[in-house]
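Please look over the following sequence and structure before reading on. The report below takes up annotated positions, a ligand site, helix packing and some backbone features.

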Amino acid sequence: MSIIPTHRPRRNRKSEVIRNMVQETNLTVHDFIYPIFVTEGQNQLVEVKSMPGIFRYSLDRIIDEVGACVELGVKSFAPFPQINDELKDRLARESANPDGLYLRTVSEIKRHFPEVVLMTDVAMDPYSSDGHDGVVDAESGEILNDASLEVLGQMALAQARAGADVIAPSDMMDGRVAWIRDVLDRNAFSHVSIMSYTAKYASAFYGPFRDALGSAPKKGDKKTYQMNPANRREALRELRLDEAEGADMVMIKPALSYLDIIREVRDNTTLPVTAYNVSGEYAMVKAAALNGWVDGERTMMEVLMSIKRAGADAILTYFAKEAAQVLRRG
Ligand code: PBG
């Protein structure tokens, strides 16, 4: 056979200028939301073992780090706290303490950088002596949905008071978006947004994050509230509920093993869709790169591009700062 091809897609790939011209997806620094870990004490800068390049910062050190990111154009942050064990209890009371580490961090960052967007995490696990996102029944070990809503509402309100721009419930309790919206609205915080963790799966990819915060469940797992990784339709059910309950943005988590879910959700909502490129996904790329098995920088950019291409408008990623440096270099 000697048929000459009529259609030659390669013509659109023949030079860099043409490739750039027909490029369908573009990553910019505006796409990134940077998760940052805060810890007690002074002058603390401790690398997370399973997340090379990611640190836990004490409050005095975090301001410099946020400043460096802002300089690079990264202006949205999702702080997470490492709480001392003696402050943890069954009801996560520390989560609503205005003088506690987390809320002090939020107000300090806003005081230094009023223009940044802070997306605060609502879930009980960093403050819970049980290490669960909701209230654990002492006898049955069951996660009590409606009792948790009470705690989550107080936590969200305290975060709004501290200056949070966006409340991000990651707990997966039923009805929490409506509950939090109601608490915020009744307390003159109708301008504070809610970014819901809409489809958050019970994933093995959260391991390094739980190491970083010491927030792993003491008993059991999170399968009665986080979603089964096998399910796709259920993500659409959660999406409908979050829309009806008043979410301003929805999130899919993790990202890489769930690119199909990101696309599905993108095609079924007019709300902005975000995706969380989680700790285990970061760790995989870093581990391979440190071994010289993949080109770390190219792999990072390809991962982020794929999440955007799948339909995410914004990406929570531990790569935010590094990727911003790459984008700046051009
Ligand atoms: C818990 C929470 C988790 C993450 C963010 N919020 C872990 C979990 O559900 O146990 C994980 C983020 C990551 O792995 O990067 N509320």
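In which helix does Glu 238 lie? Glu 238 lies in helix H7, which covers residues 233-245.

## Basis of the report

This is a predicted model, in which local features need pLDDT of at least 70 and side-chain atom pairs count only at pLDDT 80 or more, while totals for chains, interfaces and linings use all residues. Residues are numbered from 1 along each chain as its sequence is written. Helices (H or I, at least four residues) and strands (E, at least two) are DSSP runs, numbered from the N terminus.

## Annotated positions

The UniProt record, an unreviewed entry, lists Glu 238 under "binding site". UniProt positions are given here in the numbering of this report, feature names are shortened, and the annotations may be inferred rather than shown by experiment. Glu 238 counts as buried because it has 23 C-beta neighbours inside 10 Å; a residue is buried if 20 or more other C-beta atoms lie within 10 Å of its own, exposed if 12 or fewer, and partly exposed in between, with C-beta atoms placed from the backbone. Leaving out residues up to four places away in sequence, Glu 238 touches Thr 198 and Ala 199, where contact means that the C-beta atoms of two residues, placed from the backbone, lie within 7 Å.

For "active site", the unreviewed UniProt entry lists Lys 200 and Lys 253. Although these two are spread over 54 residues of sequence, they cluster in space, with a largest C-alpha distance of 4.8 Å. Lys 200 belongs to strand E9 (residues 193-200) and, with 27 C-beta neighbours inside 10 Å, counts as buried. Apart from neighbours within four places in sequence, Lys 200 is in contact with Ser 170, Met 172, Gln 226, Met 227 and Lys 253. Lys 253, in turn, is placed in strand E10 (residues 249-253) and is buried, with 25 other C-beta atoms within 10 Å. Not counting residues up to four places away in sequence, Lys 253 touches Tyr 197, Lys 200, Tyr 201, Ala 275, Tyr 276 and Val 278.

## The ligand site

Which residues surround the ligand? Asp 121, Ala 123, Asp 125, Asp 133, Ser 170, Asp 171, Tyr 206, Phe 209, Arg 210, Lys 222, Val 278 and Ser 279 do so, a residue being near a molecule or strand if its C-beta atom, placed from the backbone, lies within 6 Å of it. By class, this shell has 4 nonpolar, 2 polar and 6 charged residues. Ala, Val, Leu, Ile, Met, Phe, Trp, Tyr, Cys and Pro count as nonpolar, Asp, Glu, Lys and Arg as charged, and the others, Gly among them, as polar. Val 278 of this shell is also among the residues that Lys 253 touches, and Ser 170 is one of the contacts of Lys 200.

## Packing of helix H10

Helix H10 (296-310) packs with helix H11 (residues 320-329) at an angle of about 100°, the axes being 11 Å apart. H10 and H11 are therefore roughly perpendicular to each other. Axes are lines fitted to C-alpha atoms, for helices over the stretch in contact, and angles run from 0 to 180 degrees between N-to-C directions; those under 35 degrees count as roughly parallel, over 145 as roughly antiparallel, 65 to 115 as roughly perpendicular and the rest as oblique. Glu 297, Met 300, Met 301 and Leu 304 of H10 make the contact with Glu 322, Ala 323 and Val 326 of H11, and by class it has 5 nonpolar, no polar and 2 charged residues.

The axes of H10 and helix H8 (residues 259-266) come within 8 Å and cross at roughly 35°. Here Leu 259, Ile 262 and Arg 263 of H8 meet Ser 306, Ile 307 and Ala 310 of H10, a contact with 4 nonpolar, 1 polar and 1 charged residues.

## Backbone features and loops

Most residues other than glycine have a negative phi, and most peptide bonds are trans. A cis peptide bond, with omega of about -10°, joins Lys 253 and Pro 254, and Pro 254 lies in the loop between E10 and H8. Met 172, which is not a glycine, has a positive phi of about 65°; Met 172 is found in the loop between strand E8 (166-169) and helix H5 (176-186) and is buried, with 26 other C-beta atoms within 10 Å.

Asn 43 likewise has a positive phi, of about 55°, although it is not a glycine. Asn 43 sits in the loop between strand E1 (32-39) and strand E2 (45-47) and counts as exposed, with 8 C-beta neighbours inside 10 Å.
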